[in-house]
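Colleague: I am new to this structure and should be grateful for a close look at one strand residue. Please then carry the account on into the surroundings of other residues.

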Amino acid sequence: MKLAAGAPLLKVEHLVKHFPVLGGSLFRRNRDVVQAVSDVSFELGEGETLGLVGETGCGKSTVARCVVRLYPPTAGHIYFRGTDLATVHGRDLRGLRRHVQLIFQDPYASLNPRYSVRRIIREPLDIHAVGTPKERNARVAELLEVVGLNAYMADRYPHEFSGGQRQRISIARALSLNPDLIVCDEPVSALDVSIQAQILNLLEELQEVLRLSYLFIAHDLAVVKHISRRVAVMYLGRIVELAPSAGLYDEPLHPYTQALIEAIPVPRPAVERQKRASRAGLRGELPSPKRPPAGCHFHPRCPKAMEVCNREVPVFKEQSPGHWVMCHLYD
């Protein structure tokens, strides 16, 4: 299925995901609701990387799992090549999942320790009955070479590999069905810094060769700075700023984005001390998604909060071409 000229590969509109909190009684009635994602919208073009950044617990991984339909959305739409994934089920959903794959955060937990590498990478091919058994084994050998491993490693088991090698195996598994979109759910956060750079470079090389699109999720703005064409900053279930990468880092508009960028370490002690001396920092802790604050969710921690922030939700609007922000400072 080809896209019309200029049409986005992925379009998320007003996505909402709530999780019921069940009580401990015999009848397991709903006692509360966790508002993990609240009215999130964004687009992703072919061959593009969109970074989705925020603190742990802000809902970004929930967005990832909704996009690949591991979680059914509570409300909203997720259009992939014009088809609403929120309304697709059964065989149709399985067919679409060939084109949307997920790389999990923890390479130590996402690979079955009882499966050989061959079986791990072959599993999507087996599920979708792609090719003959001989062709599937050949595809496994090819993919191992593509991600920087040797084909002879196919009969080894996950415990025989380092964290970086395991993540390469996860990437090979995600590539097995030739997807158009890969959702990367914090794929380097569990790795050493030097290994992080290797995995990021590999993802960039694969994108250039295979024309892949990435929804790249991270909690660290420094990680997504170079790999992402655009960056969306998420706070407590909402996207509060969305901009081209250069514009976001050079001129952040939302106070939360400014705080995240200020928190990026600088590899020069004197400069870092000066930054810390002038840094206002965030107040308090991230509120509970069970009972998010009224109005702007960020206002209890915001150094620039106004009275209107307590009662009215800001409009997500385009402040300059391609630079969107949700903040009363720009009303």
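Modeller: Ser38 belongs to strand S2, which covers residues 30–44; helices (H or I, at least four residues) and strands (E, at least two) are DSSP runs, numbered from the N terminus. The model is predicted, so local features are given only at pLDDT of at least 70 and side-chain atom pairs only at pLDDT 80 or more, while totals for chains, interfaces and linings use all residues. Residues are numbered from 1 along each chain as its sequence is written, and side-chain values use heavy atoms, with hydrogens and water left out.

With a relative accessible area of 12%, Ser38 is buried; the word denotes under 20% relative accessible area, whereas exposed denotes over 50% and partly exposed the range in between (1.4 Å probe, protein chains only). Apart from neighbours within four places in sequence, Ser38 has contacts with Leu15, Gly237 and Arg238, a contact being heavy atoms within 4.5 Å.

Glu46 is partly exposed because its relative accessible area is 40%. Its C-alpha atom is separated by 36 Å from that of Pro293, 247 residues apart along the chain.

The aromatic rings come next. Rings of Phe, Tyr and Trp (its six-membered ring) pair if their centres lie within 6.5 Å, and planes under 30 degrees apart are stacked, over 60 edge-to-face and the rest tilted. The count by this rule is five aromatic pairs. Tyr235 stands in strand S9 (residues 230–235) and Phe298 in the loop between helix H10 (269–278) and strand S11 (316–320), so that the pair links distant parts of the chain, 63 residues apart. Tyr235 is buried at 1% relative accessibility, and Phe298 is buried at 2%. Together with Tyr256, Tyr235 and Phe298 make up one aromatic cluster.

Helix H5 (residues 163–175) has 13 residues, and at 1.5 Å a residue these should span 18 Å; the end C-alpha atoms are 19 Å apart, which agrees. That expected span is 1.5 Å times one less than the number of residues. Twelve of the 13 residues of H5 are buried, so the helix is largely enclosed by the rest of the structure. The packing partners of these buried residues are strand S6 (100–103), helix H3 (117–127), helix H4 (133–146), strand S7 (181–185) and helix H6 (193–210).

Charged side chains complete the account. A salt bridge is a side-chain nitrogen of Lys or Arg within 4 Å of a carboxyl oxygen of Asp or Glu, and the whole structure holds 15 of them. One joins Asp155 to Arg118, with the closest N and O atoms 3.1 Å apart. Because Asp155 is in the loop between H4 and H5 and Arg118 is in helix H3, the pair ties together parts 37 residues apart in sequence. Asp155 is exposed at 52% relative accessibility, whereas Arg118 is partly exposed at 24%. Another salt bridge is formed by the side chains of Asp126 and Arg136, at 2.8 Å from N to O. Asp126 lies in helix H3 and Arg136 in helix H4, so this pair connects parts that are ten residues apart in sequence. Asp126 is partly exposed, at 33%, while Arg136 is buried, at 13%.
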